[in-house]
Amino acid sequence: MTEDCLTETKIVAAHDMTACRQWSLARGKAALFTARCPDKESSNEDSAMLAPWGEQAGIMAVADGLGGERAGGDASRLALELLAESIKGGLASGSLLRTAILNGFEAANQAVQAMGIGAAT
């Protein structure tokens, strides 16, 4: 397991990792690992995110791409990218963490629906 100090948001999207990655985050440690289900042949459509919130807090999020539906991997990646954007903007503007997260969820939901192809996460 490799370890780095996390200073910017890290998103691992629709990727089969071969080893767990670990980061120092907010006075602690956080780890990410994602891979497709071993008994399935389809690709991994899940995404995971770690984001710092100043020096005292961090956010970990997972978006489970809806397997078998069109663009599940794209939907899960887009959802976390928009959540990360909202968190970064909230931190810069002095918003509450809860507000930044909820705004990110709303933006992600609207964007995935706007894809208009049945994608979901």
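S43 sits in the loop that runs between strands β4 (28–32) and β5 (47–53); here helices (H or I, at least four residues) and strands (E, at least two) are DSSP runs, numbered from the N terminus. The model is a predicted one, in which local features need pLDDT of at least 70 and side-chain atom pairs count only at pLDDT 80 or more, while totals for chains, interfaces and linings use all residues. Residues are numbered from 1 along each chain as its sequence is written, and side-chain values use heavy atoms, with hydrogens and water left out.

S43 counts as exposed because its relative accessibility is 54%; the class exposed means over 50% relative accessible area, buried under 20% and partly exposed in between, with a 1.4 Å probe and protein chains only. Its C-alpha atom is separated by 8.2 Å from that of D16, 27 residues apart along the chain.

β5 pairs with β2 (residues 10–13) in the antiparallel sense over 4 bridges, pairing being assigned if DSSP finds at least two bridges between two strands. Within this pair, I11 stands opposite M49. β5 also pairs with β6, again antiparallel, over 7 bridges, and L50 has M60 as its bridge partner in β6. The hairpin of β5 and β6 has 3 residues between the strands, and G54 takes a positive phi near 70° there.

The largest nonpolar core has 12 residues, among them M49, A51 and W53, as well as A61, L80 and L83. A nonpolar core is a set of buried Ala, Val, Leu, Ile, Met, Phe, Trp, Tyr and Cys residues joined through side-chain atoms within 4.5 Å. Two or more residues of this core come from each of β5, β6 (57–63), α1 (72–93) and α2 (97–114), and α1 gives the largest share, 4 residues. Leaving aside neighbours within four places in sequence, A61 is in contact (heavy atoms within 4.5 Å) with S47, A48, M49, L80 and L83.

With 0% relative accessibility, S76 counts as buried. The side chain of S76 reaches the backbone oxygen of G73 at 3.1 Å.

Definitions and conventions: A polar contact is a pair of N or O atoms within 3.5 Å; within protein, one must be able to donate a hydrogen and the other to accept it, and residues adjacent in sequence count only if both atoms are side-chain atoms.
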